[in-house]
Amino acid sequence: MTSYFSAEDTAFRAEVRAFIQANLPPDLARRGRYDYHPRREDQARWAKILAAKGWSVPHFPVAYGGTGWTGVQRFIFEEEMRLAYAPTMDRIGPELVAPVLYTFASEEQRQTYLPGIRTGDTFWAQGFSEPGSGSDLASLRTRAVRDGDDYVVTGQKTWTTEGHHADMIFMLVRTDMEAKPQAGISALMIDLKSPGITRRPIWTIDEGLTVNEFFFDEVPVPAANLVGQEGAGWSYAKFLLTNERTNSAEVPHTKRDIVQLRDIARIEQKNGRPLMEDPSFRNRLARIEIDTMALETAVLRALTSGSHDGGSIASLVKVRGSELRQRVADLAVEALGDRGLAICLNPEGEHRMFEDGLTPPVPDHGIGIAAKAMFRRATTIYGGANEIQRTLIAKTVLEL
Amino acid sequence: MDFSYTSEQDALRDSVRRFVEREYGWEERFTIVRSDGGYAPRHWAMFAELGWLGAGLSEEAGGFGGGGTENALIAEELGRGLVTEPFVPHVIATQLLAGIDGETAADLIGPLVMGESIIVPVLQEAAGRGDWRHVDMRADGNRLTGVKTLVEGAGRADNMLVSARNGDEIGLYLVAADAAGVSRTDYRTLDNHRVSDVALDGAEAVLLASGAQVPGAIDRAMEHGLIALCGEALGVMDAALWATRDYLKMRKQFGTAIGNFQALQHRMADMLIEVEMTRSLLYAAFGAMAGDDAQASTAAVSAAKVQVSTGGLQVGAQAIQLHGGIGVTEELNISHHYRRLYAIARQFGDAELHLARFAQARDQN
């Protein structure tokens, strides 16, 4: 063990960087600086540009449009995207739903749904959590009753991320009320334009729109939209959540946040000197950078180990990665001093809960920072709360 | 990118692990640390014979061609057994001699690697509080005067490598352990390591190196020492973690194994995360040290030391807490894991020193 990134990795990074520089439209990069809640049209535009190059869904099997890159190459690609402020791409379709489809769905279903995900034409939501079923997902109650060629779906889903952008929803439903909780669950793909579906936005702590509630009132769903086997939905969900946890380490994103934070700390002043020279600030920034370096290496270890270890490393990096996302966002707010307390939303953002018509005196480098820090309280909850992850670590790795 | 060890490195690890299992039982360890010198000379001879004393030294320098990775994995296995032989100081001494110009220095390395002579690094002073860059030891011509602290293995050394100041310039000197004007105050640190304060009063010295090369050479040698020390800490942390896991499965209270309690499971998960983050930073440091970017290397080494200083203490302290009363007893190794991690946290600079050193290297990178 002597090397880190190989010469091939470095050449690959240069190729990716050159492509992004030549092809990322300036207005997308500008909005990417306020990097959360990207517009669907921005994500779709960038997906099309990447798809033309064959790079929109690197992790897919090559037969469905993937690149055949190694895990490390995908990591480098993601890192370069973040550093260039490319739009944060939709995660639900490409990273969560698609792997379930190309692993468990029928060939016909794959041919029907994967191309739209690849080109950014179809956006997906995932319908897992319910009001009474959060961490205890297996207790979910939304039911699907077979009626001829259809299932009829009735129930309620919540915390549906980016559901307001979505065309389709990948749902966990109960098809067997008699079986054990896990065994009675199936996975259905539902067109959100179906009759009987209503959506209610859930405004979050940042006064922004990320999550939604969906109500299903006897929604007819073609039985052909069942994924895999009836009653096997729980195993597909576990597969999907493991992917979600690995991704939620979000190292490239946190590294970019650190670059942004260092920029802020060079501009902002404390006692007439750049904040970057303040020993206490420096120490806290250094600690975040060190923990990120550790997490990055842990992720790269997982990516190169060549084995999917049933989620143990995934849980470990999810816990640390989600905490780091909060710490880096909080330190950025602190770096803004007085201006860190202002409500200051992305001027080009969509979906405002409340327009106050006010113009806070926040410099350009401070826009959206505080809102981001507020929203990041969710990182230690979504994808399975960190307490659930700690229990998983104890059971699977430590065998307690 | 490759995070796997080579077959040679695996063989080296196995050989150290076998030594610890066969030769360094818990009773044996106490006999040794309570003996007059606090060491077993036959063990050092065995280290030499098995090639460990040159495993992490380049062939040009007179070693067997390895580097920081070899030293760290030897130290990791020694850490598992809480071996007190001064391997880390040996790494610093050999790397320091290899890092400076001059035939005298080169000639000294061979006997060290063969275990035929022992030279200890004598760099640190009380006023530096762990920062080896603080040097008050004064050189007047070839006479040294001043006091160095926490010198490990001085009691059996033939020679000492001493940093001293001549005006604004730092020089590196060789002082015979039995030279006139050398006096030692020997004591044990919390972890049962034998150390000395070494006072020099006009002691005669040979100048090995001077000028601009010296501070950099000392820094590089200390980085090798730090990485070996971090490797050792990882071994101690890992041993404490899994010993605690085994205890939680075995110990019953309220009619059940206490490992079934979620509060304790979550504590264990946090300990595992600290261990894995330590391992990751060690790997990052191996990668950086193998590259040619000195600032990246400095940053990575200090990053690992910060993690060891905080995560090591956390794992050590929680291992005691989860053991309950038995964890604070002298008889159980858990208290000794903590004592070693407690000392390592401060050794060669605490978390605060290395946070600052990391930040400075990052600024220049």
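Contact here means heavy atoms within 4.5 Å. By that rule, 39 residues of chain A touch 46 residues of chain B. This is a predicted model, where local features need pLDDT of at least 70, side-chain atom pairs count only at pLDDT 80 or more, and totals for chains, interfaces and linings use all residues. Residues are numbered from 1 along each chain as its sequence is written, chains are lettered from A and ligands numbered from 1 in the order in which they are written, and side-chain values use heavy atoms, with hydrogens and water left out.

**Confidence**
- The predictor puts the complex at an ipTM of 0.95 and a pTM of 0.94.
- Chain B averages a pLDDT of 96 (the predictor's confidence in each residue, from 0 to 100), and 99% of the residues score at least 70.

**The A–B interface**
- Between them, chain A and chain B bury about 3800 Å², with 64% of it on carbon and sulfur atoms; buried area is the accessible area (1.4 Å probe) that two parts lose on being put together, summed over both.
- Six salt bridges turn up across the interface of chain A and chain B, a salt bridge being a side-chain nitrogen of Lys or Arg within 4 Å of a carboxyl oxygen of Asp or Glu.
- B:R362 pairs with A:E289 in a salt bridge, and their closest N and O atoms are 2.5 Å apart.

**Nonpolar cores**
- A nonpolar core is a set of buried Ala, Val, Leu, Ile, Met, Phe, Trp, Tyr and Cys residues joined through side-chain atoms within 4.5 Å; buried means under 20% relative accessible area, exposed over 50%, partly exposed in between (1.4 Å probe, protein chains only).
- The largest one has 175 residues, and those with the most contacts inside it are A:W46, B:L144, B:V175 and B:L200.
- Helix 7 of chain B (residues 213–250) supplies the largest share of this core, 18 residues; helices are DSSP runs (H or I, at least four residues), as are strands (E, at least two), numbered from the N terminus.
- A second, separate core of 30 residues includes A:L101, A:M168, A:F170 and A:A187.
- Beyond its neighbours within four places in sequence, B:L144 touches residues including B:V162, B:Y173, B:V175 and B:L200.

**A closer look at A:I264**
- A:I264 sits in helix 8 (residues 251–267) of chain A and is buried at 1% relative accessibility.
- Leaving aside neighbours within four places in sequence, A:I264 meets A:A332, A:A335, A:L336, A:H365 and A:I369.

**Cysteines**
- There are zero disulfides over all chains, a disulfide being a pair of cysteine sulfur atoms within 2.5 Å.
- A:C344 is buried at 11% relative accessible area, and B:C230 is buried at 1%.
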